[in-house]
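Q: I am new to this structure and would like to learn how to read its features one at a time. Could you show it to me, and then take me through it?

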Amino acid sequence: MTSTIALVRHRVTDFDAWKTAYDGFAPTQAEHGVHAHQVLRSIENPNEVVVTHTFDSPEAAREFFATPELKEAMSQAGGNADSVEISYFDEVEAGALVGA
């Protein structure tokens, strides 16, 4: 079964405050089909964030990002709504290089 990965890039006002709010939103993410996530923080701009979320399907991913709960949580966490970019990808391969 192929997974859908949503890649979200945006700016935040205060990374530490945003991260606390993000961590508190995990139960809601799980309720809406997020199976895994990754948070990346820019080295050049510590308030620029990239997040990946893994879903079963593109439809599940799009439904999650359309929820009012997510938009409200992002606003309260200091996310810059004008900077949000979301892209959707089919996972083709994943793994670790052992002994390479």
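This is a predicted model: local features need pLDDT of at least 70, side-chain atom pairs count only at pLDDT 80 or more; totals for chains, interfaces and linings use all residues.

Q: How many aromatic pairs does a search of the whole structure find?

A: Rings of Phe, Tyr and Trp (its six-membered ring) pair if their centres lie within 6.5 Å, and planes under 30 degrees apart count as stacked, over 60 as edge-to-face and the rest as tilted. The search of the whole structure finds six such pairs. One of them is stacked, namely Trp 18 with Tyr 22, at 5.1 Å centre to centre and with 25° between the planes. These two residues are four apart in helix H1 (residues 15–24), so about one helical turn separates Trp 18 from Tyr 22; helices (H or I, at least four residues) and strands (E, at least two) are DSSP runs, numbered from the N terminus. Both Trp 18 and Tyr 22 are buried.

Q: Which residue forms an edge-to-face pair with Tyr 88?

A: The partner is Phe 65, with 6.3 Å between the ring centres and 65° between the planes. This pair links distant parts of the chain, since Phe 65 lies in helix H3 (residues 58–65) and Tyr 88 in strand E4 (residues 85–90), 23 residues apart. Phe 65 counts as buried because its relative accessibility is 11%. Ring pairs also link Phe 65 and Tyr 88 into a cluster with Phe 55 and Phe 64.

Q: What sits over the ring of Tyr 88?

A: A charge sits over a ring if NZ of Lys or CZ of Arg is within 6 Å of the ring centre and within 35 degrees of the ring normal. Here the charged end of Arg 62 sits over the ring of Tyr 88, 4.2 Å from its centre.

Q: Which residues make up the largest nonpolar core?

A: In soluble globular proteins, nonpolar side chains tend to be buried together. A nonpolar core is a set of buried Ala, Val, Leu, Ile, Met, Phe, Trp, Tyr and Cys residues joined through side-chain atoms within 4.5 Å. The largest one has nine residues, which are Ala 6, Val 8, Phe 25, Val 34, Phe 55, Ala 61, Phe 64, Phe 65 and Leu 70. E1 and H3 each supply at least two residues of this core, and the largest share, three residues, comes from H3.

Q: How far apart in space are two residues that are 64 residues apart in sequence, such as Phe 15 and Gly 79, or Gly 99 and His 35?

A: From C-alpha to C-alpha, Phe 15 and Gly 79 are 9.2 Å apart in space, whereas Gly 99 and His 35 are 28 Å apart. Phe 15 is found in helix H1 and is buried, with a relative accessible area of 11%. Gly 99, in the segment after E4, counts as exposed because its relative accessibility is 81%.

How values were computed. Residues are numbered from 1 along each chain as its sequence is written. Side-chain values use heavy atoms; hydrogens and water are left out. Buried means under 20% relative accessible area, exposed over 50%, partly exposed in between (1.4 Å probe, protein chains only).
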